[in-house]
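Welcome to this short tour.

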Amino acid sequence: MRFVIVTGMSGAGKITALKVFEDNGYYCVDNLPVDLIEDFADLLFAQTSEKNKVAIGVDIRSGENLEKINNVLLELKKKEQNYEILFLDCCNNTLIKRFKETRRSHPMGETDSVEHGIKAERKKLAYLRTQADYIIDTSNLLVRDLRTEIEKIFVMNQDYRNLFITILSFGFKYGVPADCDLVFDVRFLPNPYYIPELKHKTGEQQEVREFVLRSEVSKKFLNKLMDMLKFLIPNYIDEGKNQLVIGIGCTGGHHRSVTVANELYSQLNQADANYGIKVAHRDILR
């Protein structure tokens, strides 16, 4: 029996996550009242094989009953009914943006601002977050990225550590991304912009990549940067960091930053890596 409790911040992707579970053969129940979780678990663990993969959604919609979740989890442990908790988190600014885009009110902010509702919800869910076996920060994840991370854990049964790395190229002329944890300026590298046949191409194309990476300066920089990241990432994992955004910036976000971001992704995206990773190019189409 695999019994998963899916919880987290409103707007962080819980409904999407439950759809992923359902697509992968899990029996899913969303917003099950806290008072019924123990009885529901008793039924599941008593039956033989009909439903051996189950995911239930528990969140702030449970209202005051959510405070009972501690006792419920203790009872499940006493009965040796093993469960896992997946907590979906997201930074406040991204949550606010998502609520504005969907024009939905926050479950706790019908009379107050969305920001106030998010802060109140985060406080009420703090206990569940500390109990979580897996924390996925969806601040920089697309739906397909979230699907990949969930399937790694609950379908392919891969070892999972809670760090997800986003390598983000950008152009300084459009501003530094606000959510970057680390920012590296690569404007000192050879610039394809001044080569007529490369000017209108991007770092996604082989000619530009070769031009940027063939210089000794580029090679030394990448070696030093990889050496630092190989030191930092395990320490971030041990510290419990969930999200790491590495910004790579050049002037316009078309050539050098794209090339370096792709190269970092290629070197860090190892099959046995104990973190998730993706690469994105914010300004490549500008």
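Which residues point one way from strand β5, and which the other way? Select residues 134–137: Y134 and I136 point one way, I135 and D137 the other, and all are buried. Buried means under 20% relative accessible area, exposed over 50%, and partly exposed in between (1.4 Å probe, protein chains only). Helices (H or I, at least four residues) and strands (E, at least two) are DSSP runs, numbered from the N terminus.

Before going on, note that this is a predicted model, in which local features need pLDDT of at least 70, side-chain atom pairs count only at pLDDT 80 or more, and totals for chains, interfaces and linings use all residues. Residues are numbered from 1 along each chain as its sequence is written, and side-chain values use heavy atoms, with hydrogens and water left out.

Look for L88, which stands opposite I136 in β5.

**The cores.** Now select F3, F21, I56, L86, I150 and F154. Within the largest nonpolar core, of 49 residues, these touch the most other members. Helix α2 (residues 34–46) gives this core its largest share, five residues. A nonpolar core is a set of buried Ala, Val, Leu, Ile, Met, Phe, Trp, Tyr and Cys residues joined through side-chain atoms within 4.5 Å. Zoom in on F154: leaving out residues up to four places away in sequence, its contacts (heavy atoms within 4.5 Å) are R2, V4, F21, Y26, E84, L86 and Y134. Another core, of 31 residues, lies apart from it and includes I233, I248, V260 and L264.

**Salt bridges.** How many salt bridges are there? The count is 23, where a salt bridge is a side-chain nitrogen of Lys or Arg within 4 Å of a carboxyl oxygen of Asp or Glu. Show D59 and K14, whose side chains meet in one of them (2.8 Å, N to O). D59 sits in the loop between β3 (53–57) and α3 (69–78) and K14 in helix α1 (residues 14–23), so the pair ties together parts 45 residues apart in sequence. D59 is buried at 4% relative accessibility, and K14 is buried at 8%.

D89 is buried at 5% relative accessible area, whereas R129 is partly exposed at 30%.

Methods: Pairing = 2+ DSSP bridges.
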